[in-house]
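Please look over the model below with its charged side chains in mind. The report covers overall make-up before turning to individual pairs.

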Amino acid sequence: MSKLSKLLQVTEEEKDAILKHYSITEEQFDDNVRILKEWIKQSEHLPDDDNDNKLKIILLNCKMSLEKSKQCLEGYYRIRSRYHSEFFDKLVPSAKEYQESKRFVKTAIMPKLTPDLCRITIFKATDPEGEANDAYVYELPVFMMAEMRVTEEMCLSNIIIVDFEGYSWKNLMKYTPTVNQKLTDMLIAVNLRIKSIHFINTNNIIEHVMRLIKALLPSKLVNKIHIHKTAESLSTHIPLECLPSNYGGTGEAIEDLYDEWCQQIDDSQDLFEKLLLIKSSEKIELDPYQRDMFGCGVDGSFKKLALD
């Protein structure tokens with residue numbers, strides 16, 4: 001088992017359960033991947049990406065819809081082209097921006113899937129004085145982990161935990177309207193499926209955060225947000241074996257997992273250099289129909305984000 005496989009554990013039984021959820025066989029799954037690969041080859045403006053698992057993840061995110069998967073692929077390559085200089089070109093282990101970002105956050109992806117086949121991602125800012133140049137710095141590690149996830153991952157949906165301990169106005173002010181719009185565009189293009197979001201160790205800033213969220217997100221997603229004053233109540237939603245030890249679980253501490261992920265990223269320079277070339281060869285703009293599907297009909301709106 002590779003180091004990355006240990007960080008993203010999926011048993012054969014879990015893989016079978018994921019396919020069963022969509023009433024699809026492994027052969028049918030592979031056939032859909034072949035269809036997408038052929039479509040990419042026929043789309044001259046798209047790069048020939050040879051990562052089959054990436055296509056499988058996109059199919060799962062799109063509930064096995066080939067048409068939506070094609071739109072998701074277009075969106076993925078679009079954002080890599082549109083934001084390459086200000087964001088994606090920094091997604092390289094040797095980049096100074098990434099090296100700086102490692103001390104400003106603690107992001108961890110839990111190695112075990114939950115019983116309902118979700119992957120848990122935990123995000124915690126560690127920049128109490130607001131030293132980061134901008135909010136993009138906080139996002140670099142999690143985007144790099146996401147790029148590594150698609151090479152090995154298999155899950156039905158995602159659970160996101162945001163730890164507000166030490167989070168202050170100095171951090172929140174980094175998320176300007178321009179940054180929020182661009183990060184929203186990136187998130188929509190990725191088409192991440194979200195099962196639930198948990199805000200833990202909340203403080204008085206959470207009221208302002210929630211006002212912003214309610215202005216941006218559809219009620220369907222807002223209703224998936226759970227607010228916890230401490231991490232203790234997480235266990236009422238998530239099994240202890242799927243949580244880190246410093247959040248009341250039996251898994252590795254978030255700091256140890258973060259160190260392991262950072263080491264995995266540092267060891268994957270070749271992968272990220274290759275990803276620098278994964279761009280559309282022409283400017284892709286979504287037509288009005290696709291914009292509505294991706295939630296871009298209103299600036300900053302997440303209204304069509306993929307939800308379970």
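Predicted model: local features only at pLDDT ≥ 70, side-chain atom pairs only at ≥ 80, totals over all residues.

Residues are numbered from 1 along each chain as its sequence is written, and side-chain values use heavy atoms, with hydrogens and water left out.

The protein chain has 14 helices and 5 strands, where helices (H or I, at least four residues) and strands (E, at least two) are DSSP runs numbered from the N terminus. Of its 308 residues, 56% are buried; buried means under 20% relative accessible area, exposed over 50%, and partly exposed in between, with a 1.4 Å probe and protein chains only. Helix α7 (residues 136-152) has 17 residues, and 13 of these 17 are buried.

There are 15 salt bridges, each a side-chain nitrogen of Lys or Arg within 4 Å of a carboxyl oxygen of Asp or Glu.

| Salt bridge | Closest N and O atoms |
|---|---|
| Asp52 with Lys37 | 3.0 Å |
| Asp185 with Arg82 | 3.3 Å |
| Glu97 with Lys96 | 3.5 Å |

Asp185 forms its salt bridge with Arg82. Asp185 lies in helix α9 (residues 177-190) and Arg82 in helix α5 (residues 66-82), so this pair ties together parts that are 103 residues apart in sequence. Asp185 is buried at 8% relative accessible area, whereas Arg82 is partly exposed at 32%. Arg78, Arg82 and Asp185 are linked in a network of salt bridges.

Technical notes. Expected span 1.5 Å × (residues − 1).
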